[in-house]
Amino acid sequence: MLGRIDELGPGGLAQLYAYPSDLRSYWVRGNMIASLDGGATSDGKSGALGAAGDRAVFVALRAVADVIVVGASTARVENYAGVQLSASQRQSRRDRGQAEVPPIAVLTRSGHLEHDARLLRHTEVTPLILTSTDAVSDTETRLGGLAEVLDASGDRPDSVDLRTALALLAERGLRRVLTEGGPGVLGMFTAEEVLDEMCLTVAPVLVGGASQRIVTGPAEVHTAMRLRHALTDDDGYLYLRYSRSGPARSGAAQ
């Protein structure tokens, strides 16, 4: 039997999607939506696939995360702004020892973000820009105090190293990581084998065309996942949560 998302409410969703309580390092959860035929977008945007239930899960996942990681392209296409949470969600975060509002962290090799982007202008907390060594100085100069720019390069100064980026977030106490993609960014998490959970909403629509899958990239991997729960609603959506079926990633949890 499938659970009903409308029977849970915000408090029930927060309990259902709680992160492990014994984290020693970062724990990465992905959240994506796809059509029945595997498309990650409709009319170029993932938000066009959603409905009320998907939006409730979207907010609930943000409400329990320490940080939301997203690619610059997705932030631009989806017109991202800062996270908005209710008074009760903010209180629950305080009770858990979390900041009232989680920051958005943007992965961008080039550091090219528009100075007037909603992400920078419409937010209660300073966004984090995870960029390459080569782009740090220019990005800081262009954005000024609108964002905190972090050098997330590994061995290559012209690129962003994902494990370095996650370690930088963990050093700031941002261990409960939620990534909202897009497909290329989620492909990086998958290729690096640092994705601990995947939350997938299946929309009851067919989109056809050339829409991307929810994960793209040159690397092909095989990561076994185990279904943790499945929910549905009157609109016919499925809300699926998977986690790694093998041993926990080293350092992720005790």
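Modeller: Accessible areas here come from the Shrake-Rupley method with a 1.4 Å probe, and for residues only the protein chains shown count as cover. On that basis the chain has an accessible surface of about 12100 Å², 49% of it belonging to carbon and sulfur atoms. A word on the model itself: it is predicted, so local features need pLDDT of at least 70 and side-chain atom pairs count only at pLDDT 80 or more, while totals for chains, interfaces and linings use all residues. Residues are numbered from 1 along each chain as its sequence is written, and side-chain values use heavy atoms, with hydrogens and water left out.

The C-alpha atoms fill a box of roughly 55 × 45 × 40 Å along the principal axes. The radius of gyration, taken over C-alpha atoms, is compared with a globule rule of 2.2 Å times the number of residues to the power 0.38. For 254 residues a compact globule would come near 18 Å, and the chain agrees, with 18 Å. Eight helices and 10 strands make up its secondary structure; these are DSSP runs numbered from the N terminus, H or I of at least four residues for helices and E of at least two for strands. With contact meaning heavy atoms within 4.5 Å, 70% of the contacts between residues at least 6 apart in sequence join residues at least 24 apart.

Buried means under 20% relative accessible area, exposed over 50% and partly exposed in between (1.4 Å probe, protein chains only). Buried residues account for 48% of the 254.

That brings us to your core. A nonpolar core is a set of buried Ala, Val, Leu, Ile, Met, Phe, Trp, Tyr and Cys residues joined through side-chain atoms within 4.5 Å. The largest one holds 40 residues, and Tyr-17, Ile-104, Val-106, Ile-129 and Tyr-239 have the most contacts inside it. Elements that each supply at least two of its residues include strand S2 (27-35), helix H2 (52-64), strand S4 (104-107), helix H6 (133-143) and strand S8 (197-203). H2 gives the largest share, five residues.

Tyr-17 shows how the sequence comes together here: leaving aside residues up to four places away, it touches Arg-29, Val-57, Leu-61, Val-64, Cys-199, His-229, Leu-231, Tyr-239 and Arg-241. Apart from this core lies another, of 33 residues, with Val-160, Val-177, Val-194 and Leu-240 among them.

Trp-27 lies in strand S2 and, at 12% relative accessibility, counts as buried. Ala-14 belongs to helix H1 (residues 9-16) and is partly exposed, at 25%; its C-alpha is 8.9 Å from that of Gln-89, 75 residues away along the chain.

Finally, some backbone details in the loops. The peptide bond from Gly-181 to Gly-182 is cis, with omega near 10°, and Gly-182 sits in the loop between strand S7 (176-179) and helix H8 (183-191). In the loop between H8 and S8 we find Glu-193, which has a positive phi of about 55° although it is not a glycine. Because its relative accessibility is 42%, Glu-193 counts as partly exposed. Asn-79 also has a positive phi of about 55° without being a glycine, and is found in the loop between H3 and helix H4 (87-95).
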